[in-house]
Amino acid sequence: MMYDDHYGLSGRPFQLTPDPAFWFDTATHKKAMAYLGYGLSQGEGFIVITGQPGVGKTTLIGHLMGTIDRERMHVVKLVTTQIEAEDLLHMVAGGLGIDSAGAAKSQVIAAIEKALHAMARAGKRTLLIVDEAQALPIASLEELRMLSNLQAGGYPLLQIFLLGQPEFRARLSDPRLEQLRQRVIAMHQLDPMDGEEVEPYLIHRLSVVGWRGKPRFKNDAVAAIHRWSDGIPRKVNQLAGRVLLFGAIEQIDSFTGADVDAVIADLDSDMAFDGRPATAAAPPPAPATASADPARDPVRPAPSAAAPGADDLVARIARLEGRLEEQDAALRRVLTLMVDFIEAEDARPSARRGTAA
């Protein structure tokens, strides 16, 4: 990314792809890990973790996988999208190394049970993780319950973690899932971060990629990030990444609320252009606190109650011309940064070779 060199970072701190290396212990994630650990210690039943999109369910499981002894536990992970019961069984079989193509349902179930017994004899437990569980039909959830009944010598052969969006909790209240509910030994709802967790979260992710104090986020900038993102980690990352790009272009090392609001205005404009509903942005800062650099302030024409006259049209044209000049200057800065970045990349291999010699 363009801002790596400007801020001296070794990577992207706010990438949207879940990465356990950036794991951050919020209060709700600590509680979820406690439930998962309890579930693993019990070795049976269902553990249910729910949360809205972007709150960190996938990252949670990635972090859990880093704590598991894979020599003693075989993990099968499924991401579901309206998978019917028989297809689900074939996917579980595939996760156990079974080629079930063309096999009847009864044959697939028998093969799964045989594979689970083999795992147990080898001293391994089997954990099935099903993501996006809210998309599963009732029949598929019932099939999972039947698999959870498989035992050897009175001990369960399979434990199941179900991850889903908040509506999955309501789904579980269906009377047809009464027997599955009775097998749920723990359930937790992942919540967004509260306002006090956002700044430590930003600092943590920056520190993972070599942050040394630049950039900084002032209190009003952190508040603006939390307000726009609602504390959802993925949205925090989305906004923070754009803020760093904005900062690299504008040569900003300490972000204010006004800087973040300018980026929010751009993001909301992008969403509106894509046909998606724009998130309500914070009101623009008062003129007394606006940046002294006009290139860093978004252009917000003042609404007029009356129809525009000739003077208004002239003023609007002048504003548009000014905005075009600002965009042209910003484009030149971007091109300059790109050239610098490419030249630096070209120089790095020789520098590395010199170090290794």
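Visitor: What makes up the chain?
Guide: The chain has 13 helices and nine strands. Helices (H or I, at least four residues) and strands (E, at least two) are DSSP runs, numbered from the N terminus. This is a predicted model, where local features need pLDDT of at least 70, side-chain atom pairs count only at pLDDT 80 or more, and totals for chains, interfaces and linings use all residues. Residues are numbered from 1 along each chain as its sequence is written, and side-chain values use heavy atoms, with hydrogens and water left out.

Visitor: Why is Q159 called buried?
Guide: Buried means under 20% relative accessible area, exposed over 50%, partly exposed in between (1.4 Å probe, protein chains only). Q159 has 2% relative accessibility, so Q159 counts as buried. Of the 357 residues of the chain, 41% carry that label.

Visitor: Which residues does Q159 touch?
Guide: Contact means heavy atoms within 4.5 Å. Leaving out residues up to four places away in sequence, Q159 touches G39, L40, G43, E44, G45, R125, T126, L127, L128 and I185.

Visitor: What makes the meeting of Q159 and R125 a polar contact?
Guide: A polar contact is a pair of N or O atoms within 3.5 Å; within protein, one must be able to donate a hydrogen and the other to accept it, and residues adjacent in sequence count only if both atoms are side-chain atoms. The side chains of Q159 and R125 are joined at 3.3 Å. That value is within 3.5 Å, so the label holds.

Visitor: Which strand holds Q159, and what stands opposite?
Guide: Q159 is in strand β6. L127 stands opposite Q159.

Visitor: How do you know that β3 pairs with β6?
Guide: Two strands pair if DSSP finds at least two bridges between them. β3 and β6 (residues 159-164) have four bridges, in the parallel sense. Four meets the rule, so they pair. Strand β2 (residues 73-79) also pairs with β3 in the parallel sense, over seven bridges. There, V76 has L128 as its bridge partner.

Visitor: What makes β3 mostly covered?
Guide: In β3 (residues 125-131), six of the seven residues are buried.

Visitor: Why is the meeting of K105 and E143 called a salt bridge?
Guide: A salt bridge is a side-chain nitrogen of Lys or Arg within 4 Å of a carboxyl oxygen of Asp or Glu. The closest N and O atoms of K105 and E143 are 2.9 Å apart, so the pair qualifies. The pair links distant parts of the chain: K105 is in helix α5 (residues 105-121), E143 is in helix α6 (residues 138-148), and they are 38 residues apart. By this rule the count comes to five salt bridges.

Visitor: What separates E178 and R181?
Guide: They are separated by about one helical turn, because they lie three residues apart in helix α8 (residues 178-181).

Visitor: Why does E197 have no salt bridge?
Guide: Lys and Arg count as positive and Asp and Glu as negative; His and the chain ends are not counted. The nearest side chain of opposite charge to E197 is K30, 7.6 Å away. That is not within 4 Å, so no salt bridge is counted for E197. E197 is buried, and lies in helix α9 (residues 195-208).
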